[in-house]
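This report describes a protein model, with attention to its strands and its charged side chains. The sequence and structure are shown first.

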Amino acid sequence: MSETTERPVLRAAGSHLYPGALVRVHTPGSTDPHRAGRVPGDLVFADGSRTTAQVLIDPDERATLWVAEYTTTRGTTISERVWSTHPSPDGSGDVLLRIGTRLP
């Protein structure tokens, strides 16, 4: 019998990311959203556009957010990006990521 792992769902408040934007990370079940970053998830933007994203945590516990290329519902293509983030629990079991600077 194989174990099924559901992908984390990340939700952005806007149609794109920028410094200061918030992304909510929700993981199904009891998986800690901060630790679940080792699994790619589905990033859903407020305009309905979607892509794959992954929270990456380095050995010093710093979190970054990798976002695959996507196209907004207005047809704008946004290239693959990596962002620094400032994670904090929100009290519901989810984690909020405040987007920091864009990384090279």
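A salt bridge is a side-chain nitrogen of Lys or Arg within 4 Å of a carboxyl oxygen of Asp or Glu. In this predicted model, Asp58, Asp60 and Arg62 are linked in a network of such bridges. A search of the whole structure finds four salt bridges; three of them are listed below.

| Pair | Closest N to O distance |
|---|---|
| Asp42 and Arg7 | 3.1 Å |
| Arg24 and Asp94 | 3.6 Å |

Asp42 belongs to strand β3 (residues 41–44) and Arg7 to the segment before β1 (9–12), so their pair ties together parts that are 35 residues apart in sequence. Asp42 is partly exposed, at 23% relative accessible area, and Arg7 is also partly exposed, at 35%.

Arg24 and Asp94 form a salt bridge. This pair connects strand β2 (residues 22–26) with the loop between β8 (81–89) and β9 (95–103), 70 residues apart. Asp94 is buried, because its relative accessible area of 11% is under the 20% cut-off. Arg24, at 32%, is partly exposed.

The strands form a closed barrel of seven, in the order β1-β2-β9-β8-β5-β4-β3, with mixed pairing. Neighbouring strands of this sheet are turned by 35 degrees against each other on average, direction ignored. Strands β4 and β5 run antiparallel and are joined by five bridges; Ala53 stands opposite Val67 in β5.

The loop between β4 (50–57) and β5 (63–67) contains Glu61. Most residues other than glycine have a negative phi. Glu61, although not a glycine, has a positive phi of about 70 degrees.

How values were computed:
Residues are numbered from 1 along each chain as its sequence is written. This is a predicted model: local features need pLDDT of at least 70, side-chain atom pairs count only at pLDDT 80 or more; totals for chains, interfaces and linings use all residues. Side-chain values use heavy atoms; hydrogens and water are left out. Helices (H or I, at least four residues) and strands (E, at least two) are DSSP runs, numbered from the N terminus. Two strands pair if DSSP finds at least two bridges between them. Axes are lines fitted to C-alpha atoms, for helices over the stretch in contact, and angles run from 0 to 180 degrees between N-to-C directions. Buried means under 20% relative accessible area, exposed over 50%, partly exposed in between (1.4 Å probe, protein chains only).
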